[in-house]
Structure formats: C-alpha cells, structure tokens
Amino acid sequence: MVEQKKFALFLATPDSEFVKKEYGGYHNVFVSTFGDEGEHWDSFRVVEGEFPDEKDLDKYDGFVISGSSHDSFENDPWILRLCEIVKILDEKKKKILGICFGHQIIARVRGGTVGRARKGPELKLTDITIVKDAIKPGSFFGNEIPDSIAILKLHQDEVLVLPESAKVLAYSEKYEVEMFSIEDHLFCIQGHPEYNREILHEIVDRVLRLGFIKQDFADAAKASMENRGADRKLLETICKNFLKGRVPTN
C-alpha cells in the first residue's frame, strides 16, 4: 500500500467573506490548486498564532506558506515564530513553497533582505520573464521551459537582496526577484499561482472601498485581466512537480 502523502499549509491571511462564501475558505483555494487526490492537507492559521508542534513536522512531505497583508520584515510574535519554524524545516531539507509573503519570509530566514517595493506596489495580471539558464531541463519546470509566465500579482513589498546560494528563476520590469530557488527544497514565487480573476477582482474592490488604492489604480488592475488570464495550469503544474518531487517526462 502506498503511504499517503501529507502537506501543511501555513495561512498567513484570514479568510475574506467572499472566499468563505465562494470556496469555503483559503484552505480549499490552495488545496484545489496544489493538492492531488489521496493526499492529506492540514492548515495552520499562523496569522492567529496556530502552528504545528515541532515533533510533528517530520510527518509532512511539504509545506506551503501563503500570502499576507502583513509585512514580512516586521517582528510580530507570530512572524518571528514562523521564521523559527521555516529555519527548522530548512535544516531538515523539507520542501517549502513560498508564495508572496511566504516568498519573502524564506528570503528573510536565509539571510536576504526584504522591504518596501522600490518601484511601488503591484496589483494586476503581469508577465514575468523566466531565466532559462538557471533552470535545468527535466527539473520541476519540465523540459519545455517557457520564456515568460502570466501571473496575478498583489504586493507592496519585495525581496531587495537575495540570500546567498539563491538562484533567480524569474524577474519582471518592476521587480528583480519574481521567483527564486535554494538547493532543491525551497521554491519561492512573488505572484499568486492560486488566485483566479474573481478573487483578485474582489480584493481590488475591497481595498478600493477601504481607501488603500485610488480608482485609477483599481481600473488598471481590472483592465490587465480583461482580455487574458494567468497561466494557472502551467503554474499549478510547476508548483505540484516541485512539492511532490516529480520529474516531468514531457
């Protein structure tokens, strides 16, 4: 009998009313994107101080750290605890997929620098350029490595200085580090492979209503998604291949 694979999701953001109503919470959004049938996924609301016991970390095959409205460079108790847990997982060479805030937390833990984005925030569908020379053919990207990937972005912070030993896998016009990896067990993405157009639209409307962005910024965000979508299938495949240690045959 094949042993059931187990994964843990560290939720650094609370569920919005929209996500609860439409998807039953972010747990389901992530698992429907990165999960496969027969797997077991546990969620820990790290933003509320909920973490697994250290003795239980070994039972998981991989971990995902979500985005957050919090700054990855702050020293809130839960952020410092998350950094401690990531350090332990890194030492154990456990696979971690870091998304947005998670991407920045991993950079921070490994000695990089994170802070406010130098060219300002981003909230839209955008293209990131893949550094093809940095990716081995037959790695989790597959044999057909794309020139660029369309991804949904929502952040105001960035990785300013990469950790030593990190490899940049993608960049964009505004940001030098859109994707990076360290060894074979850490893979980090500034954008959101798990988001769809509806989730981003609702976030745009919400932050506009709260006064965090201006109308023209909101209009530009929605316009970016009008005639095309993110490369969600490709992003999903890359992330799943990484988390599950799959070597694609295509």
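**Helix packing in the predicted model**

Helix 4, which spans residues 101-109, is largely enclosed by the rest of the structure, because seven of its nine residues are buried. The structure described here is a predicted model. The buried residues of helix 4 are Phe101, Gly102, His103, Gln104, Ile105, Ile106 and Ala107. After helix 4 comes Gly111, which has a positive phi near 95 degrees.

Two packed helices are described by the angle between their axes and the distance between the axes. For helix 3 (residues 77-91) and helix 4, the angle is about 65 degrees and the axes lie 10 Å apart. Helix 3 is therefore roughly perpendicular to helix 4, since angles of 65 to 115 degrees count as such. The crossing of helix 3 past helix 4 is right-handed. On the side of helix 3, the contact involves Trp78, Ile79, Leu80, Leu82, Cys83, Val86 and Lys87, and helix 4 contributes Phe101, Ile105, Ile106, Arg108 and Val109. This contact between helix 3 and helix 4 comprises 10 nonpolar and two charged residues, with no polar ones.

Helix 5 takes part in the contact through His201, Val204, Asp205 and Leu208, and helix 6 through Gln215, Ala218, Ala221 and Lys222. Of the residues in the contact of helix 5 with helix 6, four are nonpolar, two polar and two charged.

Conventions. Residues are numbered from 1 along each chain as its sequence is written. This is a predicted model: local features need pLDDT of at least 70, side-chain atom pairs count only at pLDDT 80 or more; totals for chains, interfaces and linings use all residues. Side-chain values use heavy atoms; hydrogens and water are left out. Contact means heavy atoms within 4.5 Å. Helices (H or I, at least four residues) and strands (E, at least two) are DSSP runs, numbered from the N terminus. Ala, Val, Leu, Ile, Met, Phe, Trp, Tyr, Cys and Pro count as nonpolar, Asp, Glu, Lys and Arg as charged, and the others, Gly among them, as polar. Buried means under 20% relative accessible area, exposed over 50%, partly exposed in between (1.4 Å probe, protein chains only). Axes are lines fitted to C-alpha atoms, for helices over the stretch in contact, and angles run from 0 to 180 degrees between N-to-C directions. Angles under 35 degrees count as roughly parallel, over 145 as roughly antiparallel, 65 to 115 as roughly perpendicular and the rest as oblique. A crossing is left-handed if the near helix is turned anticlockwise from the far one by less than a right angle, and right-handed if clockwise.
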